[in-house]
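Reader: Could you walk me through this one? I would like to look at the fold together, one question at a time.

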Amino acid sequence: MQYGRKLSFSVIALFLAATTLSSVTLARDVPFVPTPEPVVREMLKLAKIGKDSLVYDLGSGDGRIVIMAAKEYGARGVGVDIDPERIADGRANAKRAGVEDKVKFIEGDLFKVDLRPATAVTLYLLPDINVRLRPKLMKELRPGTPVVSHAFDMGDWEPEVTKTVDGATVYLWHIPARASGVWEYRLRTAHGGDEQHRLHITNQDIDKVQGTVTMDGQSFAIENGRISGERLRFTVTRSLNGATVTQRFEGRVAGDRIADMTVADSRMVAQRARPTS
Ligand SMILES: C[S@@+](CC[C@H](N)C(=O)[O-])C[C@H]1O[C@@H](n2cnc3c(N)ncnc32)[C@H](O)[C@@H]1O
């Protein structure tokens with residue numbers, strides 16, 4: 001952690017030095033500092049890039065991330081950069097690598113580009129830019145879309161994976177599904193009984209969820225509620241046959257269904273009865 005912090009500060013210092021040295025005529029939020037090749041490879045591996053992926057690199061510099069995605073993983077890519085020189089470099093490098101039919105470059109502000117077609121997003125920006133970008137990522141990307149960042153995190157949106165490659169830190173998140181609302185399902189108990197459950201997710205703050213589960217008329221607060229991509233997880237502490245037990249709930253939020261819902265060891269499907277307004 002300490003080492004990571006020191007490293008982040010030195011990377012920020014490098015960025016600031018590069019800003020001072022570079023032209024300030026562009027409305028650039030971040031100067032060009034390329035990601036080393038082994039780090040790019042790890043970012044693409046973490047995001048599970050394959051031939052069906054469409055990778056958006058926001059602030060694409062010389063195009064290396066989308067070019068490697070196309071060349072080594074058969075993916076398509078879109079590089080977005082505000083600097084026309086970087087865009088020209090990206091196009092020339094893509095041509096040299098023989099992937100100009102698989103990647104394209106958009107000259108413009110990354111905050112204004114439509115991200116809806118992306119199946120994965122890569123970033124090497126700055127901490128405050130990442131945090132400013134968060135609402136746009138949440139709004140435009142589909143639940144489950146991987147977002148990978150080199151060197152900088154996303155504030156209080158905790159990464160699912162943090163890896164160190166050649167002294168650089170890489171973070172992975174998945175866009176969380178929207179889980180708010182009232183969900184209903186019946187749970188078959190181990191003794192052949194049947195319990196009616198009502199899960200009310202009252203609040204979702206990025207990947208953290210709060211609410212209650214009502215089981216046969218009794219309500220319990222959900223604990224440790226998290227949603228990573230489509231995967232919803234929480235626990236409930238209740239009294240069963242005189243003993244206090246903590247039950248683990250897990251499921252995959254897919255639109256208005258929670259598929260593969262498991263409560264302790266039982267499996268079922270929950271249906272969204274109504275969304276939260
Ligand atoms: C640190 S470099 C990262 C380059 C590449 N993604 C990589 O990892 O090697 C950041 C890039 O973001 C670009 N940039 C900065 N602000 C931008 C903005 N608002 N919109 C689009 N690109 C921007 C810069 O021109 C620069 O090329």
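**A walk through the predicted model**

In E7, Ala-168 is the bridge partner of Val-165.

Reader: Happy to start there. In which sense do E6 and E7 pair, and over how many bridges?

Author: Bear in mind that this is a predicted model. The strands E6 and E7 (residues 168-174) pair in the antiparallel sense, over five bridges.

Reader: In what order do the strands of the open sheet run, and which are the edge strands?

Author: Seven strands form this open sheet, and their pairing is mixed. The order is E3-E2-E1-E4-E5-E7-E6. Each edge strand pairs on one side only, and these are E3 (103-107) and E6 (161-165).

Reader: By how many degrees are neighbouring strands of this sheet turned against each other on average?

Author: Direction is ignored in this average over neighbouring strands of the sheet. The value is 20 degrees.

Reader: Which strands does helix H4 touch, and what angle does its direction make with that of E3?

Author: Helix H4 (residues 84-96) packs on the sheet, where it touches E2 and E3. Its direction makes an angle with that of E3 of about 170 degrees.

Reader: Which element gives the most residues to the largest nonpolar core?

Author: That core has 41 residues, and Met-43, Val-66, Ala-69 and Val-121 have the most contacts inside it. The elements that give two or more residues include H2 (37-46), E1 (54-58), E4 (120-123) and H5 (127-140). The most comes from H3, with six residues.

Reader: Which residues is Met-43 in contact with, leaving aside its neighbours within four places in sequence?

Author: Met-43 is among the residues with the most contacts inside the core. Apart from those sequence neighbours, its contacts are Ile-65, Thr-122, Val-148, His-150 and Val-170.

Reader: Which residues of H2 are buried, and against which elements do they pack?

Author: The buried residues of H2 are Val-39, Val-40, Glu-42, Met-43 and Leu-44. Nonpolar side chains tend to be buried together in soluble globular proteins. In H2, though, the buried set also includes Glu-42. The elements that these buried residues pack against are H3, E4, E5, E6 and E7.

Reader: Which residue in the turn between E10 and E11 has a positive phi?

Author: E10 and E11 form a hairpin with two residues between them. The residue in the turn with a positive phi, about 45 degrees, is Asp-216.

Reader: Is Ile-206 buried, partly exposed or exposed?

Author: Ile-206 is placed in the loop between E9 and E10, and its phi is near 55 degrees. Most residues other than glycine have a negative phi. Burial needs 20 or more other C-beta atoms within 10 Å. Ile-206 has 18, so this residue counts as partly exposed.

Reader: Where is Asp-260, and how many C-beta neighbours does it have inside 10 Å?

Author: Asp-260 also has a positive phi, near 50 degrees. Its place is in strand E15 (residues 257-263). Asp-260 counts as partly exposed, because the number of C-beta neighbours inside 10 Å is 14.

Terms used. Residues numbered from 1 in each chain as written. Predicted model: local features only at pLDDT ≥ 70, side-chain atom pairs only at ≥ 80, totals over all residues. Pairing = 2+ DSSP bridges. Helix = DSSP H or I, 4+ residues; strand = E, 2+ residues; numbered from the N terminus. Axes fitted to C-alpha atoms, helices over the stretch in contact; angles between N-to-C directions. Contact = placed C-beta atoms within 7 Å. Buried ≥ 20, exposed ≤ 12 C-beta atoms within 10 Å, placed from the backbone. Core = buried A, V, L, I, M, F, W, Y, C linked by C-beta atoms within 7 Å.
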